[in-house]
Amino acid sequence: ILLLFLSFIPAHATNKDSLVLIIQNQNIPDTSRIKASRELAYFYLMEAGNAELALKAADAGLNIATKNNLYFWQGKMTALKGYINQNLTRDFEQAINSYFLALRFYDKAEKNHEKFAVYLNLGNIYQDYNQANDAIKYYRLAEEIAIEHKNEEDLALVYSNLGAVYNTKEMDDEALQYYTKSKYYYKKFNSEVDIAVIDFNVTNISVQQTG
């Protein structure tokens with residue numbers, strides 16, 4: 001199972017009625033209203049499982065960001081819409097369109113590191129589509145950003161996903177290479193669950209080779 005990652009989810013859900021009041025109050029700073037819409041979207045996404053309301057909440061924040069040319073937040077909210085479509089509606093075409101648009105906003109905002117999650121999720125979608133080469137393309141773009149920012153946790157995740165996609169291509173040597181890299185980083189963080197998953201996948205490859 002490929003891990004999904006977009007951005008830090010708010011640690012706790014605020015009362016949704018309070019969030020709506022914040023979003024509607026034009027006397028409150030725009031960024032605070034956008035953040036409230038983002039938290040409301042996560043509430044509908046993670047707790048209520050309501051795609052329609054999650055997308056409406058994301059659109060509310062996107063509209064505020066668009067009116068004020070807040071490119072960073074346009075990217076954030078557009079990427080969130082992609083994530084909702086990817087994981088809740090399973091509308092991969094809409095998700096891909098949103099992710100590509102988010103990348104353009106991040107370029108305008110000069111926030112290259114924010115592209116990591118977008119590239120990773122694009123890779124996951126193409127993996128779900130059984131388009132392994134495209135999945136590898138976007139995982140490698142995510143890898144470049146993780147290396148640039150020296151983020152070893154992100155590298156562990158990317159290498160795990162690369163191992164999985166090469167495994168589906170039955171390219172055992174490449175799969176083992178990336179699983180080994182991923183395990184190296186997961187060991188640094190004592191991430192026992194992730195290490196166990198890697199070991200299980202490596203064992204499966206070994207069994208297939210001997211079988």
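## A walk through the helices

Glu170 counts as exposed, because its relative accessibility is 68% (exposed means over 50% relative accessible area, buried under 20% and partly exposed in between, with a 1.4 Å probe and protein chains only). Before we go on, note that this is a predicted model, in which local features need pLDDT of at least 70 and side-chain atom pairs count only at pLDDT 80 or more, while totals for chains, interfaces and linings use all residues. Residues are numbered from 1 along each chain as its sequence is written, and side-chain values use heavy atoms, leaving out hydrogens and water.

Glu170 sits in the loop between α8 and α9 (172-188); helices here are DSSP runs of H or I with at least four residues, numbered from the N terminus. Although Glu170 is not a glycine, its phi is positive, at about 60 degrees. Most residues other than glycine have a negative phi. Arg90 also has a positive phi, near 60 degrees, and is placed in the loop between α4 (71-89) and α5 (92-109). With a relative accessible area of 47%, Arg90 is partly exposed.

The axes of helix α7 (residues 132-148) and helix α8 (residues 152-168) come within 9 Å and cross at roughly 165 degrees; axes are lines fitted to C-alpha atoms, for helices over the stretch in contact, and angles run from 0 to 180 degrees between N-to-C directions. That makes α7 roughly antiparallel to α8, a label for angles over 145 degrees. Among the residues of α7 that meet α8 are Ala135, Ile136 and Tyr139, while the α8 side includes Leu162 and Val165. By class, this contact of α7 with α8 has 13 nonpolar, 1 polar and 3 charged residues (Ala, Val, Leu, Ile, Met, Phe, Trp, Tyr, Cys and Pro count as nonpolar, Asp, Glu, Lys and Arg as charged, and the others, Gly among them, as polar).

Leaving aside neighbours within four places in sequence, Val165 is in contact (heavy atoms within 4.5 Å) with Gln127, Ala132, Ala135, Ile136 and Tyr139. Val165 also belongs to the largest nonpolar core, which has 63 residues, and is listed with Ile84, Leu122 and Leu162 as having the most contacts inside it. Such a core is a set of buried Ala, Val, Leu, Ile, Met, Phe, Trp, Tyr and Cys residues joined through side-chain atoms within 4.5 Å. Helix α8 gives the most to this core, with 9 residues.

Key:
Helix = DSSP H or I, 4+ residues; strand = E, 2+ residues; numbered from the N terminus. Parallel < 35°, antiparallel > 145°, perpendicular 65-115°, else oblique.
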